[in-house]
Amino acid sequence: MLVIVSKEFVGYLLAAIGPIALGKIYDVCHSCTMPLVLLQGGDTVVFKDLYRFTREAENGYKKYMEWLDRGINMVFLDNPTVSSDYIRQMMTTAEQQDIVTKTAMESIIKLLIIVELDWGEKQRLYISQSIKDGIAASNKKSGRKPGQLDKMSDALREDILKYLSDRSIKQVDLMRKYNISRNTLKKYVYKIQNHNIKG
């Protein structure tokens, strides 16, 4: 039996399986480094903006130029002037100029990339600091008060006491009745057993 598969079919199949496969690689490696190593010349990576590509201007520039040299296409939806096609066009134009113009254009290209990367790094640091300042200035504290069990009701406390004395009551029944996880129930049982309850 002969099966003919079109290029389009293979392309659609890779597009469907690719993200799942890369996700599985990430689950195993706990890093994006391995999937990125698999990138080859001619591959295209789409980013919402430049700040998703890197968080540091200096290392980001090195990585950008490395990918450019490897022939990996980078598309930045919010920063099209630093997408690789645009930069390559500028580089091609620079190559066709006299030495002075070529040197000036190469410097402009480098400056364009570095300015965008630097702005992205500063923006990220500013946002991070703003969040920290907002949390520090807030009089609200994250999480519950130490020792407080916010889902512990009198009814749940009574049912846990019954559960401790009557093993016909199942943990799963209490979990469903009070809509709590197994870990939360175990924590409450432990606290009740040790008489360390603060309602």
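Colleague: How many nonpolar, polar and charged residues are in the lining of the second largest pocket?

Modeller: In this predicted model, a pocket is an open set of points on a 1 Å grid over the protein atoms alone, with protein on both sides within 12 Å along at least five of seven lines, and lining residues have an atom within 4 Å of a point. The residues lining the second largest pocket are Asp49, Tyr51, Arg52, Phe53, Thr54, Arg55 and Arg124. Ala, Val, Leu, Ile, Met, Phe, Trp, Tyr, Cys and Pro count as nonpolar, Asp, Glu, Lys and Arg as charged, and the others, Gly among them, as polar. The lining therefore divides into two nonpolar, one polar and four charged residues.

Colleague: What volume does the second largest pocket have?

Modeller: Grid points are joined across faces, edges and corners, and the volume is the space filled by probe spheres set on the points. For the second largest pocket this comes to about 160 Å³.

Colleague: Which orientation do α6 and α7 have, and why?

Modeller: Helices (H or I, at least four residues) are DSSP runs, numbered from the N terminus. Axes are lines fitted to C-alpha atoms over the stretch in contact, with angles from 0 to 180 degrees between N-to-C directions. Those of helix α6 (residues 154-165) and helix α7 (residues 171-178) come within 11 Å and cross at roughly 175°. Because angles over 145 degrees count as such, α6 and α7 are roughly antiparallel.

Colleague: Which residues of α4 make the contact with α3?

Modeller: Helix α3 (residues 57-70) and α4 pack at about 75°, with axes 11 Å apart, which means that they are roughly perpendicular (65 to 115 degrees). Contact means heavy atoms within 4.5 Å. On α3 the residues are Tyr64, Met65, Trp67 and Leu68, and on α4 they are Ser84, Ile87, Arg88 and Met91.

Key: Residues are numbered from 1 along each chain as its sequence is written. This is a predicted model: local features need pLDDT of at least 70, side-chain atom pairs count only at pLDDT 80 or more; totals for chains, interfaces and linings use all residues. Side-chain values use heavy atoms; hydrogens and water are left out. On a 1 Å grid over the protein atoms alone, a cavity is a set of points where a 1.4 Å probe fits but cannot get out, and a pocket is an open set with protein on both sides within 12 Å along at least five of seven lines; lining residues have an atom within 4 Å of a point. Helices (H or I, at least four residues) and strands (E, at least two) are DSSP runs, numbered from the N terminus. Angles under 35 degrees count as roughly parallel, over 145 as roughly antiparallel, 65 to 115 as roughly perpendicular and the rest as oblique.
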